[in-house]
Amino acid sequence: MHDKQIFDLIDQELHRQREGVELIASENFTSAEVMRAMGSCLTNKYAEGLPGKRYYGGCQWVDEVETIAIERIKKLFGAVWANVQPHSGAQANAAVMLACIKPGDKILGFDLSHGGHLTHGSAVNFSGKLYVPSFYGVEKETGRIDMNKVRETALREKPKLIICGASAYSRDWDYKTFRAIADEVGAVLLADISHPAGLIAAKLLNDPMPHCHIITTTTHKTLRGPRGGLIMIGQDMENPFGEKTLKGELKSLSAVLDGAVFPGTQGGPLEHVIAAKAIAFGEALSDNFVSYQKQVAANAQSLAAALVSRGFQIISGGTDNHLMLIDLRNKNVSGKQAENALVKADITANKNMVPYDDKSPFVTSGIRLGTPAVTTRGMKEKDMEQIAVWIDTLINSPENETLINSVKNEVNEYMKAFPLYE
């Protein structure tokens, strides 16, 4: 049997990816080998537990696959322990919170409306429902985090967990100072590096491993792997919660984190995804990956500069990583209008709230742009300048359908020079 209805839709999505400019900061294009592993027979295998300690038989081969994934990611980031089973970054964060704090405990995270993530304490998320959230943000004048104010908030709120990391913040993170603040208030420090992970692995940004108790990340975005998550630590220790084994011994942090993933928050791991993660981690250990990350950063800076020269306002004034958050209020265009115009022209981006936004999350005053996917396609700095021209044209006339169609034709023709999955 061939399900023509579904496979026709998959073909349409492939067609969309090939013809368009992908600027969603959290998206990328995996290698063909990663996709091949994702669609392999490993999807048939249940493997609850850890390699060598499964609750099912027949796990000898998936044990080897998962062990390779663990060893590769430890080498990539210099970790002493890793769990590659989380289905997503959100699942990884849920497991960390289950392991380290109790319902009703206070957490301190980066405000979602300033560029944070749902799992850092948002009221609509488990992290804001099970725990008592407080937040730090960016300064209105600079668009940057003031570490003195982070400390003031931490001293006032006395959180049990502090989270550093974001989904729409274009500057590097001061993990060392965050750790000093965490130590001062007796908090566990979690770095969620889901967005800049690839740049950190390539040593282009500050490294959280020496400073943060726990690191979580997704495996897609800048890491260019399959959609998924993982947890790492740079130093094992007694669990901050003091949980004990059946023999009365204090459990290590790594053991408690393992238990928080399974059986704490998940059932059987997705071994086909873990195989794809292992392949992506192997690719990330190559010299080519470092060159790729350098180009991602160069492209982001080039795109930011080209947009600023055309009158666009970037929160914090520029970027240190792979993304930028643009405040469109000086253009008298909402994020929703901008996203719609861009998508119609086959330039994919997402509307996004900006700090101190005066519009709803369904409308927003900004858009978020990122360069990982276009860099994977082979684009360079000069191509970012062309993308900026298209963005400027569309946002200046977001309702002009004739102009939108003209740009769409230009985009489709331009992207033929950057083939995808040929």
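Which strands does helix H7 (residues 175-185) lie across? In this predicted model, H7 lies across S6, strand S7 (161-164) and strand S8 (188-192). Against S7, the helix runs at about 170°.

Those strands belong to an open sheet of seven strands with mixed pairing. Reading across, the order goes S4-S10-S9-S8-S7-S5-S6. Strand S4 (81-83) and strand S6 (132-136) sit at the edges, each pairing on one side only. On average, neighbouring strands here are turned by 20° against each other, direction ignored.

Strand S5 (residues 106-110) pairs with S6 in the parallel sense, over five bridges. Within that pairing, Leu108 stands opposite Ser134 in S6.

Now for a pair of helices. The axes of helix H4 (residues 89-100) and helix H9 (residues 253-265) cross at roughly 120° and come within 8 Å. The crossing of H4 past H9 is right-handed. Here is who takes part in the contact:

| Helix | Residues in the contact |
|---|---|
| H4 (residues 89-100) | Gln91, Ala94, Ala95, Val96, Leu98, Ala99, Cys100 |
| H9 (residues 253-265) | Leu253, Val256, Leu257, Ala260, Val261, Gly264, Thr265 |

Technical notes. Residues are numbered from 1 along each chain as its sequence is written. This is a predicted model: local features need pLDDT of at least 70, side-chain atom pairs count only at pLDDT 80 or more; totals for chains, interfaces and linings use all residues. Side-chain values use heavy atoms; hydrogens and water are left out. Two strands pair if DSSP finds at least two bridges between them. Helices (H or I, at least four residues) and strands (E, at least two) are DSSP runs, numbered from the N terminus. Axes are lines fitted to C-alpha atoms, for helices over the stretch in contact, and angles run from 0 to 180 degrees between N-to-C directions. Contact means heavy atoms within 4.5 Å. A crossing is left-handed if the near helix is turned anticlockwise from the far one by less than a right angle, and right-handed if clockwise.
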